[in-house]
Amino acid sequence: MIRPRKPQRLMSKAILFVAALMVLPMLLISWYANERASLAIQQQTGKAFLELNRQNLATMDRLMDAVDQNLVAMLRTSLIQSWDGPAERTSGERVGQYVETEKLLENYSGEVQYSFFALTQNPDDYDFAPYTDLSDSGVFLPEGQRTLPWLQQTLDKRGGPAMQIIGRFGYATSPSLTLSYSRAVSDLSGGGRMVGVLVATNIDGALVKQMNAFALPKGANSTLTDAEGRVLSGRTAATGTLYRLPEGGQELLPRVRIAGDSMYVYQDSDAYGYRLIYEIPLASLVGSHQTVQSIILVSAACYVLIVLLVLFYFVRSVLRPMSQLARLARAFEPGRPIAAEFAEQARSDEIGLLYRSFHAMTGRINQLIEERYGMELKQKESELMLMHSQITPHLLYNTLDSIYWYGIQGGVPEVAEMVRDLSTVLRIGLSRGKEMITVREELSHAVAYMQLQDRRYRHSFQYAVNADEDTLDCMLPKVIIQPLVENAILHGVGKMEGEGEVEVRVRLDGGDLLIVVRDNGFRPVDLAKIEALLAGTSGADGGFGIRSVHRRVTLRFGSDYGLRYEARESGGTRAELRLPRLLKNGDEQPSGHGAVR
């Protein structure tokens, strides 16, 4: 036999929990805090360097924007465009043109140097111009200039910018590379011929200056590369060499990676496609990490002391009252009031609220038990009344049917027909408790009502009901056409002595069901009053029928649907009721047209 396990008291559980909290958790906290602190430092440092990288990249983009603007400004000058002029120039004119172009390029040059490669058809006329291996900037007309790969690539862009790594201009003991930015110059007068190429060089040196303007930790390095990993500019890496991010490592943040003993921070330029990479040694972050570790140890010691004080207060102020309330809850029996009062009920904190709520809850439970007994008695009475109410409509229909046949047999067919129409109106109006019926049933209800009114007003009006075939099985709320017909008869054609006309038209309008009731009544229409009735801003006198129809439709289907009135040009009114198209079986019906009379 298995002995039932005794429930462990709340106080014992709390003491066991706190005891375990001060031994194993402290060891775990020390290890975890150290790891998290290291990670937090790396993340915070990564965020800071990522923002610094973004700002550094923005200054480089602005430098490149300035270079591009200078190239565009120069290629639009008449001096640059004049190199496409007539070949028949004197030697003096050619020398003057060359000197003025050199001055223009010198005015724009600084850290970044600008040069112009003229694509003249007679380069021998400018044999006084130096070659690129002698001068680091200026106007160049060397033979075979179209064979230079970077020059041809610039011409292929037809005026678009080209960023390339090319050989550095000027005399040098050993060849070196530089970053260039060039644009082809075309004839702006409309000829479309290529005049030459404007190129900016030594951009890598200007970019290094921008890198040095942002302070990085000791041993850190910054490098600017293109999409293929070629170095465009760098503090230590030479232009044209390859520099790629190491594979693998830990993705600390988006665009921040830990690999080996370094942190790599990088961002790409949307405008120029290059990437700025920071390589930062992790050793430079150790100092701040040791400070954080010391703070964690001191915090842990303070934490232990605070836990002891909180434990003492918690046992006295919380656990003891909670244990007492638990005993009280176990002793409670539904139906028997608790008369005992406890000192904790006078407390203003959550414990006092809990005690007061418990006493209120037990009182409410006892009250609900009494109310449930009374509700069971009332439910039985309601079931008897419901059975009686179900018998009453059945008795009414049988009585009307008996009166109908009595009228037929007694030779008063008009009375019999009116009784039959009245039976139809009542039967469809009740609809066995259904709220939604088909258009076919609703039209039958409206026709029966108009037949009754036709006999009442001694055939003073004519009526017609037309409905498209594809609308007859659509669903709509019951008894919404009859109030519109009633309004047309009472306020329109009821006393027109045979000249009145009422027409009910049902059709589809896009995805909606449209019901139109028209009459040719001679009375003037107060549309403002009708709009106020529909909007509910007028008094409660009159218009209950149409207001009820509009309100039922908008509550069920939304404000896009409902009823509106307008005056007809030939006299009378036109009521338009718009509803969503709801099919009885939920499927689309084929379009077709028919009529119900």
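These legends walk through several close-up views of one predicted model.

Local features are described where pLDDT is at least 70 and side-chain atom pairs where pLDDT is 80 or more, while totals for chains, interfaces and linings use all residues. Residues are numbered from 1 along each chain as its sequence is written, and side-chain values use heavy atoms, with hydrogens and water left out.

**View 1. The whole chain, to get your bearings.**
The chain has 13 helices and 19 strands; helices are DSSP runs of H or I with at least four residues, strands are runs of E with at least two, and both are numbered from the N terminus. Of the 597 residues, 40% are buried. Here buried means under 20% relative accessible area, exposed means over 50%, and partly exposed is in between, using a 1.4 Å probe and protein chains only. Take the contacts between residues at least 6 apart in sequence: 63% of them join residues at least 24 apart. A contact means heavy atoms within 4.5 Å.

Look for Ser-182 in strand β4, which covers residues 177-186. Is Ser-182 buried or exposed? Its relative accessible area is 0%, so Ser-182 counts as buried. The side chains of Ser-182 and Thr-154 are joined by a polar contact of 2.8 Å. A polar contact is a pair of N or O atoms within 3.5 Å; within protein, one must be able to donate a hydrogen and the other to accept it, and residues adjacent in sequence count only if both atoms are side-chain atoms. Setting aside neighbours within four places in sequence, Ser-182 also has contacts with other residues, including Leu-71, Gly-160, Pro-161, Val-197 and Val-199.

**View 2. Two loop residues with positive phi.**
Arg-158 sits in the loop between α5 (149-156) and β3 (162-167). Its phi is positive, about 55°, although Arg-158 is not a glycine. With a relative accessible area of 56%, Arg-158 is exposed. Val-479, in the loop between β14 (474-477) and α11 (482-493), is another non-glycine residue with a positive phi, near 55°.

**View 3. Aromatic rings in pairs.**
A pair of aromatic rings is described by the distance of the centres and the angle of the planes. Rings of Phe, Tyr and Trp (its six-membered ring) pair if their centres lie within 6.5 Å; planes under 30 degrees apart count as stacked, over 60 as edge-to-face and the rest as tilted. That rule gives 7 aromatic pairs. In one of them, Tyr-108 and Tyr-114 have ring centres 6.4 Å apart and planes at 75°, so this pair is edge-to-face. Tyr-108 is partly exposed at 29% relative accessible area, whereas Tyr-114 is buried at 2%. Tyr-181 and Tyr-272 make an edge-to-face pair as well, with 6.2 Å between centres and 70° between planes. Tyr-181 is in strand β4 and Tyr-272 in the loop between β10 (262-268) and β11 (275-281), so the pair ties together parts 91 residues apart in sequence. Both of these tyrosines, Tyr-181 and Tyr-272, are buried. Ring pairs also link Phe-117, Phe-140 and Trp-150 into a cluster.

**View 4. Val-139 in its strand.**
Val-139 belongs to strand β2, residues 138-140, and is buried at a relative accessible area of 0%. Although 22 residues separate Val-139 from Phe-117 in sequence, their C-alpha atoms are 6.0 Å apart. Leaving out residues up to four places away in sequence, Val-139 touches several others, among them Trp-83, Tyr-98, Leu-105, Phe-116 and Pro-130.

**View 5. Helix α11 and two helix partners.**
Two packed helices are described by the angle between their axes and the distance between the axes. Axes are lines fitted to C-alpha atoms, for helices over the stretch in contact, and angles run from 0 to 180 degrees between N-to-C directions. The axes of α10 (residues 439-456) and α11 come within 9 Å and cross at roughly 25°. Residues making this contact include His-445, Tyr-449 and Gln-453 of α10, and Val-485 and Ile-489 of α11. The axes of α11 and α13 (residues 544-557) also come within 9 Å, crossing at roughly 150°. Here Pro-483, Leu-484 and Asn-487 of α11 meet Gly-545, Ile-546 and Val-549 of α13.
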